[in-house]
Amino acid sequence: MGKSSKDKRDAYYRLAKEQGWRARSAFKLLQIDEEFNLFEDVTRVVDLCAAPGSWSQVLSRILIKGEKFGRAGWEEKKEQDRRYVYGDDSIKVKEGIGAPLKPDTKEQLNPKKDVKIVAIDLQPMSPLEGITTLRADITHPSTIPLLLQALDPESFDPVATSVSHPVDLVISDGAPDVTGLHDLDIYVQGQLIWAALNLALCVLKPGGKFVAKIFRGKDVDLLYAQLKLVFKRVRVAKPRSSRASSIEAFVVCEGFCPPKGFKASLDNPLGAGSKLPPNPETSGERTKPYRRVREDGITELELGSEDEEPEDDIRWIAPFLSCGDLSAYDADASYHLPKDRTSLDPVQPPTAPPYKRALEMRKAAGGAYGKTKGVFPESL
Ligand SMILES: C[S@@+](CC[C@H](N)C(=O)[O-])C[C@H]1O[C@@H](n2cnc3c(N)ncnc32)[C@H](O)[C@@H]1O
């Protein structure tokens, strides 16, 4: 698909280039923020699986530069619309669906103090001012100390498993290179969520938030229940910029409340010994749910059974919210483009994508889409 037809078929791809975002994913985070007000009282953030860096750009522009996007921008636009409707001539309503509200003057910027943002990805990521970027695999245990050191460079203790200055928010947009084999893709995605949650447990402060991409496979309810063990509120968000046809969604977990006795551990990630006691905040006096690590290393989660008393029944459905203003573009629709419009190049082409070599091999073999001449040359 050419750049121009992609512009037409994917409004967010085009908007991202026009508004200077490195990826269309930026709109997903902004639309989640519109619904959940993610950045209120937030100054320390970890952005996992961050390349090429559009979520980090959102963090930088909202927290470091103090621009108004997402929830804050939405509230300001509503206020402007209201004043316009009531005839306040000093208000010029800013045009364009999805267009960000650019601050007109420096006085309108509201940067936060002591902002700390650490971004991690397997792939190299072009630097962003004020953001510490690490190239690492979030599923590898060696990444935890790297992250702890990046968060607390002055007081880093190599044997510690938590930070002295914990973070307010962990976000993860991690996705494997999808194979099209749904079960396999969901499984690998599941590994990324577990790794992201394990990192979050080591660095989040009580009351902190965790936002992560999920694939809604058939067992996703188990994940919601597991997240509910450590967060007061767990909701599922589907931003308008995420295609309705995709199984992708985002868990938005608020009010981090680690169960009593829980200690983040590098040796036993996501668990604290053989049995995790119930969290009184979320489960009252119940003896369930709890986590048990079997001798063979498999973790079992005891959620209670259907024939137990109703008060022991902790079946629970995560609320599902569609987010993004109704006037926002529909990610599954095609839009007409003005005739005199030129297609822009992406803001930040991938630095070293894993598929780069495959593309080179395909090019050398004669091209794609049925034009490939025979097998790849051995020399490649
Ligand atoms: C959808 S992209 C993230 C886009 C990013 N949020 C943005 O706004 O630009 C998914 C990213 O997950 C990263 N990723 C996949 N597996 C990973 C792993 N095990 N450790 C770190 N990053 C990983 C990929 O390299 C890729 O950059």
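Trainee: Which residue in strand 7 does Phe231 stand opposite?

Mentor: Phe231 stands opposite Phe256 in strand 7. Before we go on, please note that this is a predicted model, in which local features need pLDDT of at least 70 and side-chain atom pairs count only at pLDDT 80 or more, while totals for chains, interfaces and linings use all residues. Residues are numbered from 1 along each chain as its sequence is written, and side-chain values use heavy atoms, with hydrogens and water left out.

Strands (E, at least two residues) and helices (H or I, at least four residues) are DSSP runs, numbered from the N terminus. Two strands pair if DSSP finds at least two bridges between them. Strand 6 (residues 231-239) and strand 7 (residues 248-256) run antiparallel and are joined by six bridges. Strand 6 also pairs with strand 10 (residues 320-323), here in the parallel sense and over four bridges. In this second pairing, Lys238 stands opposite Ser322 of strand 10.

These strands belong to an open sheet of eight strands, ordered 3-2-1-4-5-7-6-10, with mixed pairing. Strand 3 (131-135) and strand 10 each have a single partner strand, so they stand at the edges and one side of each lacks a neighbour in the sheet. On average, neighbouring strands of this sheet are turned by 20° against each other, direction ignored; the axes behind such angles are lines fitted to C-alpha atoms (for helices over the stretch in contact), and angles run from 0 to 180 degrees between N-to-C directions.

Further along the order, strand 1 (residues 44-48) and strand 4 (residues 167-172) pair in the parallel sense over four bridges. Asp47 stands opposite Ile171 in strand 4.

Strand 5 (residues 204-215) holds Lys213. UniProt, in an unreviewed entry, places the feature "active site" at Lys213; UniProt positions are given in the numbering used here, feature names are shortened, and annotations may be inferred rather than shown by experiment. Lys213 has a relative accessible area of 7% and is therefore buried, where buried means under 20%, exposed over 50% and partly exposed in between (1.4 Å probe, protein chains only). Leaving aside residues up to four places away in sequence, the contacts of Lys213 (heavy atoms within 4.5 Å) include Lys28, Ser172, Gln189 and Glu248.
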